[in-house]
Amino acid sequence: MFSAKNLSPQQLSALTALTLSVPITLGLYFFNHTWWVTLISFFVIFLGSFGLILFTLQTFIYRKIKLIYKLIYQTKASKREEFYYKNILPQKSIDEVREDVEKWAEQRKEEIELLQQNEAFRKEFLQNLSHELKTPIFAIQGYVDTLLNGALHNNDVNKKFLQSTSRNIDRLVNLVDDLDEISRLESGEQKLHYQDFIIQDLVKEVYDTLYLTAKEKEIRCVIKKGCEFPLAVNADKEKIRQVLINLVENAIKYGKQHGMVEASFYNVDGKNVLVEISDDGSGIAEEHLPRLFERFYRTDLARSRKVGGSGLGLSICKHIIEAHNQTIHVRSKIDVGSTFGFTLAAKKQTIKL
C-alpha cells in the first residue's frame with residue numbers, strides 16, 4: 001500500500017513536481033490545444049519543479065538533519081557513517097527522524113539522571129567513609145596524647161588506654177580490609193574457587209562458629225523443619241561461609257533476647273538453591289530495604305555503631321553473591337523480623353549409563 005510516510009527526498013520531489021505539472025499543463029492545453037507544446041511544457045515544468053524541490057529538500061532540510069545526526073552521536077563521519085548519511089538516512093521520513101531524535105534525547109535524559117544519582121551516592125559514600133575513618137582515628141589520637149602527657153606511667157589507666165587504642169586500630173584494619181575486598185570483587189581480581197558441598201553442613205559449621213555469640217543472648221540457631229534434606233551446591237565455599245557468617249551474625253546482633261535464628265533451604269528449579277536466614281528481631285522499615293546493601297548504609301545509626309561493624313558487611317555479601325552470578329534479597333517487617341535470602345547454583349547431576 002502506498003504511504004507518503006516512507007518517501008525518500010527524490011520520491012517526494014517527484015510526487016510534488018507531478019502534482020504541480022499536471023494541472024499547469026492541462027491549463028496550457030485548454031488554451032492552446034496543441035498536444036506537442038503541452039507535452040514539452042509538461043516535461044519542462046516537471047523537470048524544473050523536480051530539480052528545484054529536490055535541491056531545496058537536500059539543502060535546507062536533509063543537510064540539517066544529517067548535521068543533527070552528527071551532533072547527537074558526536075562523531076566524525078567514518079566511511080561507514082558516510083554510507084549511512086548518503087544511502088540510509090535519505091530513506092527516512094521526517095517522522096522517523098523525529099522519533100530517532102526523541103529516542104536519543106530520552107537516552108541522554110536517563111544517562112544524566114543516572115549520573116546525578118551516582119554523584120549523590122558518591123558524595124554520601126565519601127561522607128560516610130570520612131566519618132568511619134575519623135571516629136577510630138580521633139579515639140586513637142586521644143588515647144595516645146593522654147598517654148604521652150603522663151598517663152603512660154599511671155598503672156591504673158595505661159593498660160586500659162592501650163587496649164582501647166588496640167581495639168580502634170583493629171577497627172581501622174577491618175575497615176580497610178573490607179574496602180579492599182569490595183574493590184577486588186568489583187574489579188574481578190578476587191577469583192572464585194568453585195566446589196561442590198552440602199549447604200546445610202556449611203550452615204551448621206557457621207552456627208558452631210557463632211555459638212558463644214548466640215549464647216550471650218540465649219538465641220537458638222536452627223534449621224527449619226522440612227529443610228534438613230541435604231542440598232548440594234556449586235560455589236566458592238569459603239566466600240559463601242563469609243556471607244553466612246555475616247548474615248547469621250547480624251541476625252544474632254539484631255535479634256531479640258531468647259529469640260531464634262532459622263535457616264531454610266529450597267531447591268528452586270533444579271538449577272538453583274535458595275538459602276534464607278531469618279530472625280525474629282525488631283525488623284527493618286520498608287523504606288530502608290532498597291538501600292540496605294549499599295556501603296555504610298545504616299538503618300539506625302546509633303544502634304549500628306553500638307553493636308559494631310564496619311557497615312560494609314552486607315555490601316560484601318552482595319558482591320560475593322553477584323560474583324557467583326546469583327542474587328541476594330531481603331524481606332522484613334517491623335516487630336516481626338527479617339529474612340535475608342540468596343541463590344546458589346545447584347550441583348550438576350551426572351547421569352550414569
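**A sheet and its helices**

Let's start with one pair of residues. Val-222 stands opposite Glu-262 in strand E4. A quick caution: this is a predicted model.

Now, which strands does that pair belong to? Strand E2 and strand E4, residues 260-267, pair in the parallel sense, over 4 bridges. As a reminder, strands of a sheet pair through backbone hydrogen bonds, either parallel or antiparallel.

Move on to the next strand. E4 and E5 run antiparallel, and 7 bridges join them. Look for Asn-267: Val-273 in E5 is the residue opposite. The hairpin of E4 and E5 has 4 residues between the strands. Find Gly-270 in that hairpin; its phi is positive, near 85 degrees.

Keep going. E5 covers residues 272-279, and E7 covers residues 337-345. These two strands are antiparallel as well, with 7 bridges. Here Val-275 stands opposite Phe-342 in E7.

Time for the whole sheet. What is the order of the strands? It is E2-E4-E5-E7-E6. That makes an open sheet of 5 strands, and the pairing is mixed. From one strand to the next, the twist averages 15 degrees.

Next, a helix on that sheet. H10, residues 313-323, packs on the sheet and touches E6 and E7. Its direction makes about 25 degrees with that of E7. Is H10 enclosed or open? Of its 11 residues, 8 are buried, so H10 is largely enclosed by the rest of the structure. The buried ones include Leu-314, Ile-316, Cys-317 and His-319. What do the buried residues pack against? Helix H5 (158-187), helix H8 (237-253), E6 and E7. After H10 comes Asn-325, with a positive phi near 60 degrees.

One more helix: H6, residues 199-209. Its buried residues are Ile-199, Gln-200, Leu-202, Val-203, Val-206 and Tyr-207. Look down the axis of H6. The buried residues fall within an arc of 160 degrees, so they line one face of the helix. Turn to the other side of H6, and Asp-208 and Thr-209 are exposed.

That's my tour. Thanks.

How values were computed
Residues numbered from 1 in each chain as written. Predicted model: local features only at pLDDT ≥ 70, side-chain atom pairs only at ≥ 80, totals over all residues. Heavy atoms only, no water. Pairing = 2+ DSSP bridges. Axes fitted to C-alpha atoms, helices over the stretch in contact; angles between N-to-C directions. Contact = heavy atoms within 4.5 Å. Buried < 20%, exposed > 50% of the residue type's maximum accessible area, 1.4 Å probe, protein only. Arc of directions from axis to C-beta.
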